[in-house]
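Hi,

Here is the structure I said I would pass on. Have a look at it first, and then read my notes below.

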Amino acid sequence: MTRRILYLEANEDGTVGGSHRALVDLVRGLDRTRYEPVVLFYQDNVHVPTLRAAGVEVHVWETERARERRIRSRVGVGKYLDLLTAVVRRRRFLKDQRIALIHVNNSPRVGFDDWLPAARLTGIPCIAFAMGDARITAFIARKMAPRFDHVIAISRFMADAMRRLGIREDRLSLVYLGVDGPALRAAVRQSREATRTELGVPHDGVLAVMVGNIRRWKGQYVVLEALARVPADVRAMLHVRFVGAPTTMDQDYVQELEQRIRDLGLEATVGLIGPRGDVPTLYAAADFALHASVKVEPFGLVVPEAMVHGTPVVASKFGGPGEVLTEECGRTFDPAVPDELATILTTLARDPSLRARLGARAREQVAGFSVDAMVQGVERVYERMFAR
């Protein structure tokens, strides 16, 4: 029997990130003889046509969510009546779509007040990925999160956070996110030399790319402070490109970065090149990739995505990146200590043979973080839910 699984992606800040990528890879990798995916986005995004072209049923609730946000801004009894209306709307959707299980894609702090009650009223399981912010501070969210039928942590860091939240061991699984190595390598659009020329990197330059939305917690400013600390000869070699888009709330941060680049005299070293549709091509052309999140990253999908191309990664030692990387395939540092990053940048820039060794090992290491392994782990959880 084929069961219809609803995947909820609740991000609404205008950005497209790792949670979207993980959802797309999971849905496309499912065993379609057993599961039929139905995807619900709260906001339209670039993955909608891709999924539909792959034969996946996709719903976008952008209009509905705009109306719900206006309604939920009310206070008093009316607010609770509106929440009850939202639960009823979701229950009707689940019944009409013949959904057998809900998979909340972001975190157990999402959907606990509407989708989870709707699942209970419908009599179906509701599970959640723990891939968002590990901190769940709202009182009601903390009380409701343990009521999900199962929570899938995407790293040991997130599993520990879920235990502190009160998730029982029999309702908790660890399934690392994965990347599709062959597909990412096949997505490289042009030669390494052509890409580096396009980015203005000279033949003897050292290219580092940092992929991620331009947000303060992503730590682009940490990289700038580290670059200011490297020797002048190293700074002359390095060419750093920040790849990603800001949200409407992060425009001030972009201006701060641009001003800091000028203040530190890094105009010839650093460039913000905006969002790109050719990230695999950039990784393949880079000498190494950077990750500097100052907030602990639950997993950090950009880390294995770079490693697929034999590109060594320099990343925060905390959270998911520290579980993916080893000293044989990359380097880790404390984002609160820019001097640590400066030392690593100096060493890598001056030692091409070290970069080559790390890159070769990175491609071997990332084989343990595949989409196939992720899909199999998630499907095992589904089977446990349906066996109950």
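**What I found**

Buried here means under 20% relative accessible area, exposed means over 50%, and partly exposed is in between, with a 1.4 Å probe and protein chains only. Strands (E, at least two residues) and helices (H or I, at least four) are DSSP runs, numbered from the N terminus.

Before going on, a word on the source: this is a predicted model, in which local features need pLDDT of at least 70 and side-chain atom pairs count only at pLDDT 80 or more, while totals for chains, interfaces and linings use all residues. Residues are numbered from 1 along each chain as its sequence is written, and side-chain values use heavy atoms, with hydrogens and water left out.

**The seven-stranded sheet**

S6 belongs to an open sheet of seven strands, in the order S3-S2-S1-S4-S5-S6-S7 and with parallel pairing. Two strands count as paired if DSSP finds at least two bridges between them. At the edges are S3 (57-60) and S7 (172-174); each has a single partner strand, so one side of each has no neighbour in the sheet. On average, neighbouring strands here are turned by 20° against each other, direction ignored. For angles like this, axes are lines fitted to C-alpha atoms (for helices, over the stretch in contact), and the angles run from 0 to 180 degrees between N-to-C directions.

On one side, S6 (residues 150-153) is joined to S5 (residues 126-130) by four bridges, and the two run parallel. Ala 128 has Val 151 in S6 as its bridge partner, and Ala 130 stands opposite Ala 153. S6 also pairs with S7, in the parallel sense over three bridges, and there Ile 152 is partnered by Ser 173. To get from S6 to S7 the chain passes through helix H7, making a right-handed β-α-β crossover. Right-handed means that, with the strands pointing away from the viewer, the path from the first strand over the helix to the second runs clockwise.

H7 (residues 156-165) packs on this sheet and touches S5, S6 and S7, with its direction at about 170° to that of S7. Contact means heavy atoms within 4.5 Å. Another helix, H18 (residues 371-387), lies across S1 (3-9), S2 (35-41), S4 (99-104), S5, S6 and S7, running at about 135° to S4.

**The cores**

Which residues touch the most other members of the largest nonpolar core? They are Ile 102, Trp 115 and Tyr 382, in a core of 94 residues. A nonpolar core is a set of buried Ala, Val, Leu, Ile, Met, Phe, Trp, Tyr and Cys residues joined through side-chain atoms within 4.5 Å. H18 gives the largest share of this core, eight residues. Leaving aside neighbours within four places in sequence, Ile 102 has contacts that include Leu 6, Leu 94, Trp 115 and Ile 127. Another core, of 33 residues, lies apart from it, and Leu 224, Leu 227, Val 230 and Ala 349 are among its members.

**The six-stranded sheet**

There is also an open sheet of six strands, ordered S10-S9-S8-S11-S12-S13, again with parallel pairing. S10 (270-274) and S13 (330-333) are its edge strands, each pairing on one side only. Its neighbouring strands are turned by 25° against each other on average, direction ignored.

Helix H10 lies across S8, S9, S10, S11 (288-290) and S13, at about 170° to S9. H10 also packs against H12 (residues 251-263) at an angle of about 5°, with the axes 10 Å apart. The two helices are therefore roughly parallel, a label for angles under 35 degrees.

**Two loop residues**

Arg 98 sits in the loop between H4 (77-96) and S4. Its phi is positive, about 55°, although it is not a glycine; most residues other than glycine have a negative phi. Arg 98 is exposed, with a relative accessible area of 58%. Lys 218, in the loop between S8 (206-211) and H10 (220-227), is buried, at 17%. Its contacts beyond four places in sequence include Met 210, Ala 292 and Glu 297.

Cheers

How values were computed
Parallel < 35°, antiparallel > 145°, perpendicular 65-115°, else oblique.
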